[in-house]
Amino acid sequence: AVRVRFAPSPTGALHLGGARTALYNYLFAKANNGRCVLRIEDTDTERNVPGSAQQLQESLKWLGVRFDEGPNIGGKFGPYIQSERLKHYQQYSRQLVQEQHSAYCCFCTAERLQSMRSQSWATGGYDRRCRTLSTKQASEYLQMGLPHTVRLKIPEDGVTTVVDRIYGEVHVPNNTVDDQILMKSDGYPTYHFANVVDDHQMEISHVFRGEEWLLSTAKHLTLYKAFGWEPPTFAHLPLLRSSTGEKLSKRKHNAQLEHYRERGFLPEALVNFLALLGWSPKSGQEIFTMDCLVQSFSMEGVSKRGVAVDEAKLEWMNGLHFKRKSQSERGRQELVLGLQKCLKESGLYVESRMVSDSYLEQVFQLLEGRISLLPKIPSEASYFWRDPVPNREGLCVVNNAAQILGTIAIKLDQCEDSREAIHAALKSVAAEACMPYSLVMLQCRLAITGTKNSPGLVGVMATIGKEVSQRRLQTAISLCQ
């Protein structure tokens with residue numbers, strides 16, 4: 001049976017690369033009728049950030065990645081938080097030392113290790129001083145209560161071969177691998193030990209994780225061999241890079257999932273975008289829903305080459321998903337709620353018909369294809385809620401601007417508040433003034449919206465209503481006189 005896991009450490013916000021790893025695990029599980037497990041790897045107590053585990057889960061839920069087992073979900077292999085599984089690691093570490101003789105207690109002090117790091121030995125790793133301690137010596141030190149770690153005995157010669165679904169066979173000379181610490185002196189396991197024990201106990205069949213863990217897998221295979229366990233299938237995903245080719249950084253490149261969420265990107269667009277960061281569908285298709293991805297995804301399409309995060313492409317995708325979302329009643333309601341929130345944050349939200357569901361749906365229709373991010377709407381299309389603040393120099397584009405605007409105001413007052421009637425009124429103004437219709441529209445557009453680049457003017461005027469349009473026209477007339 002296919003069982004995969006996403007195992008983040010709660011050390012901060014979810015990285016875009018971590019979100020992609022979670023998504024690939026989820027897609028593979030769903031495509032193969034398997035189960036996707038969430039496990040929180042919180043054994044690095046110094047780096048843990050309070051509240052981070054909850055934030056990670058909330059971010060993944062927003063993205064649409066649903067787990068079958070995990071914290072707050074349950075499952076027969078729990079607990080799913082490593083700090084609640086310490087007895088398992090302690091049990092297996094004793095087994096490795098006392099029964100398999102594949103690990104040993106290391107009593108080197110932090111001062112000695114630090115001194116060694118500053119010397120030329122550093123390129124060769126730990127000098128394995130405690131590996132040669134006799135059983136009697138080690139027992140005496142333990143009885144004395146000396147602080148110690150537990151280290152894995154890496155073979156001193158030969159090669160460990162990692163078989164990876166993306167990179168193929170990777171041969172790691174054992175003499176280049178350090179005797180990895182498995183249990184720290186505080187009784188907590190390291191990542192390298194805990195993830196092997198947990199993957200075995202939770203019957204994980206496939207491990208999909210970032211490329212940075214590829215060479216470390218040699219250590220993990222040594223552990224599997226020591227215990228006599230069957231290792232899972234491994235696949236290491238290519239690194240995400242910035243537009244300049246650097247490894248994508250949460251700090252330097254704002255590569256947290258929450259950063260994109262706060263900027264208004266839709267979860268559907270991010271799922272689509274993340275899926276294609278390293279995976280190429282055979283069909284060449286670019287736009288996917290989550291359901292379509294489940295039907296199409298396979299690890300065979302994942303490349304080993306690092307891939308750059310192209311925000312322009314993400315914004316393009318967001319526009320397409322924005323349009324798709326606006327075509328369903330449920331999607332429109334989600335967009336309306338999102339825009340109402342943005343209006344409140346920008347100070348444009350005032351209880352009136354201009355923040356009603358029906359009004360905002362009209363705004364979406366007019367802006368279709370022009371703006372793809374909700375938070376941009378209040379700043380780039382504020383004229384839907386706030387009168388523009390025109391200045392005379394930029395407002396008057398024809399010599400008789402005040403007269404033209406006055407005629408528009410009269411015609412508008414006499415016509416119905418519909419698109420057809422407004423269009424006819426503006427046409428008649430142009431005809432009577434013997435002026436190009438486009439010029440009349442430009443003059444009116446500046447008065448109504450304060451910009452030359454709004455959506456269709458007739459639609460804008462019909463949406464904001466006759467009363468608002470007349471008020472803005474009168475303001476502009478007074479400035480142009």
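Gly-465, which comes just after helix α19, takes a positive phi of about 95 degrees in this predicted model. The buried residues are Leu-457, Val-458, Gly-459, Val-460, Met-461, Thr-463 and Ile-464, and the elements against which they pack are α13 (357–367), α16 (401–414), α17 (419–432), α18 and α20 (466–480).

**The contact of α18 with α19**

One of these partners, α18, can be followed in detail. The axes of α18 and of α19 (residues 457–464) come within 10 Å and cross at roughly 35 degrees, and the crossing is left-handed. On the α18 side the contact involves Tyr-437, Met-441, Cys-444, Arg-445, Ile-448 and Thr-449, which meet Leu-457, Val-458, Val-460, Met-461 and Ile-464 of α19. Divided by class, the residues of this contact comprise nine nonpolar, one polar and one charged.

**Two residues of α18**

Which residues does Thr-449 touch, when those up to four places away in sequence are not counted? They are Tyr-383, Pro-388, Ser-454 and Val-460. Thr-449 belongs to helix α18 (residues 437–449), and with a relative accessible area of 5% it counts as buried, because the cut-off for that term is under 20%. A polar atom of the Thr-449 side chain also lies 3.1 Å from the backbone oxygen of Thr-451.

Gln-443 is likewise placed in α18, and this glutamine is buried, with a relative accessible area of 0%. Leaving aside residues up to four places away in sequence, Gln-443 touches Leu-395, Cys-396, Val-397, Val-398, Ala-401 and Leu-405.

Elsewhere in the chain, helix α3 (residues 86–100) packs with helix α6 (residues 191–201) at an angle of about 105 degrees, their axes being 10 Å apart. That angle makes α3 roughly perpendicular to α6. The contact is formed from His-88, Tyr-89, Tyr-92, Ser-93 and Leu-96 on α3, together with Phe-193, Ala-194, Val-197, Asp-198 and Gln-201 on α6; by class, it has six nonpolar, three polar and one charged residues.

Helix α9 (residues 267–275) and helix α11 (residues 311–325) pack at an angle of about 135 degrees, with 8 Å between their axes, and are therefore oblique to each other. Their crossing is right-handed. In this contact Glu-268, Ala-269, Leu-270, Asn-272 and Phe-273 of α9 meet Lys-313, Leu-314, Met-317, Asn-318, His-321 and Lys-325 of α11, and the classes are represented by five nonpolar, three polar and three charged residues.

The table sets out the axis values of the helix pairs discussed here.

| Helix pair | Angle | Axes |
|---|---|---|
| α3 and α6 | about 105 degrees | 10 Å apart |
| α9 and α11 | about 135 degrees | 8 Å apart |
| α18 and α19 | roughly 35 degrees | within 10 Å |

Notes:
Residues numbered from 1 in each chain as written. Predicted model: local features only at pLDDT ≥ 70, side-chain atom pairs only at ≥ 80, totals over all residues. Heavy atoms only, no water. Axes fitted to C-alpha atoms, helices over the stretch in contact; angles between N-to-C directions. Helix = DSSP H or I, 4+ residues; strand = E, 2+ residues; numbered from the N terminus. Parallel < 35°, antiparallel > 145°, perpendicular 65-115°, else oblique. Contact = heavy atoms within 4.5 Å. Nonpolar A, V, L, I, M, F, W, Y, C, P; charged D, E, K, R; others polar. Buried < 20%, exposed > 50% of the residue type's maximum accessible area, 1.4 Å probe, protein only. Polar contact = N/O pair within 3.5 Å; in protein donor to acceptor, adjacent residues only side chain to side chain. Left-handed = near helix turned anticlockwise from the far one by under 90°.
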